[in-house]
Amino acid sequence: MADLLKALPAVKEMMAGLKSRSQSLALGGIQPALGILRVGERPDDLSYEKGAVKRCEQAGVQVRRVVLPEDASQEEVLEEIKKLNQDKGIHGVLIFRPLPPQIDDNAVCRALAPEKDVDGITSQSMAGIFSGSRVGFPPCTPQGCLELLRHYGIPLEGKRAVVLGRSLVVGKPLSMLLLGENATVTVCHSRTEGLAELCRSGDILIAAVGRREMVTADFVRPGQVIIDVGIHVREDGSLCGDVDFEAVKDIVTAISPVPGGAGTMTAAVLAKHTIEAAERTLS
Ligand code: NAP
């Protein structure tokens with residue numbers, strides 16, 4: 001049976017460090033705070049919001065929620081973003097997406113102040129990932145994958161990392177972050193030929209494909225470390241990932257479980273980025 005890369009020990013360690021950083025900020029008169037902007041009541045958003053508020057509380061980050069109705073206009077959403085941008089007491093902003101169809105996602109991403117972009121949605125944050133500059137932040141989910149690998153001491157330098165998925169939220173930023181750690185990165189997508197063979201070639205395989213249990217035994221090999229970013233709800237209400245856990249667990253060396261793996265890291269990273277955004281206001 002593979003080693004389980006559970007998130008909780010990594011989150012606990014992170015929280016201890018964050019608590020002391022937020023206490024240092026408080027001594028200097030800064031209370032780190034996150035603004036959450038939610039439009040509507042999507043169950044996924046509510047569930048993530050609950051987790052985010054809990055982690056922020058543990059880390060010493062205040063949360064201010066701004067909730068608009070599902071039929072809010074683009075002007076209303078942009079107005080709330082403007083207020084959050086101008087509020088000196090708010091250091092980071094999380095905007096739940098996807099937004100309802102009447103709202104232009106690009107306009108929303110453009111409206112957010114890059115220095116408060118703790119979930120990497122602005123073009124300045126994306127540029128920051130490519131250039132390694134300290135503008136904005138990487139999206140929390142890919143950063144969480146990296147933190148999980150780091151916590152468990154999985155070496156990345158010189159290793160072959162295969163990222164299955166190329167979305168702007170996970171796959172692409174993750175591939176850049178892995179490159180930044182000196183891994184040799186292959187990014188796979190829906191047009192990739194010889195997918196299973198490529199996935200097997202990785203020392204580390206990260207599945208962010210959005211297809212329930214697609215990664216089966218023929219995608220993996222002994223010695224591999226697997227991070228499963230996927231989250232799916234089965235018919236019986238239980239959760240599973242993009243990896244068929246039962247099919248691969250006795251083949252690979254280590255795997256992150258679903259739930260309790262990569263997904264659990266995301267909210268912790270959100271708290272971390274918010275504290276870092278507050279610290280950056282001092283420099
Ligand atoms: P997405 O936007 O749907 O992107 C999926 C990617 O997988 C695309 O690049 C797509 O390729 C590729 N793909 C789809 N079918 C494929 C196939 N049959 N073979 C090879 N590649 C294929 O998904 P996402 O937003 O990145 O999310 C990925 C997973 O992570 C989902 O399960 C999602 O629920 C989960 N997620 C978790 C968190 C969290 O834990 N906090 C956050 C975000 C997402 P093309 O580009 O060619 O279409």
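Colleague: Hi! What should I know about the model and its numbering first?
Modeller: The model is predicted, so local features need pLDDT of at least 70 and side-chain atom pairs count only at pLDDT 80 or more, while totals for chains, interfaces and linings use all residues. Residues are numbered from 1 along each chain as its sequence is written, and side-chain values use heavy atoms, with hydrogens and water left out.

Colleague: Great. How many salt bridges does a search of the whole structure find?
Modeller: The search finds 19, where a salt bridge is a side-chain nitrogen of Lys or Arg within 4 Å of a carboxyl oxygen of Asp or Glu.

Colleague: What does R160 pair with?
Modeller: R160 bridges to D203, with the closest N and O atoms 3.4 Å apart. R160 lies in strand 5 (residues 160-164) and D203 in the loop between helix 8 (195-201) and strand 7 (204-207), so the pair ties together parts 43 residues apart in sequence. Helices (H or I, at least four residues) and strands (E, at least two) are DSSP runs, numbered from the N terminus.

Colleague: And is D203 buried or exposed?
Modeller: D203 is buried at 19% relative accessibility, whereas R160 is partly exposed at 42%. Buried means under 20% relative accessible area, exposed over 50%, and partly exposed in between (1.4 Å probe, protein chains only).

Colleague: Which residues do shared partners join into one network?
Modeller: R38, E41, E49 and R65.
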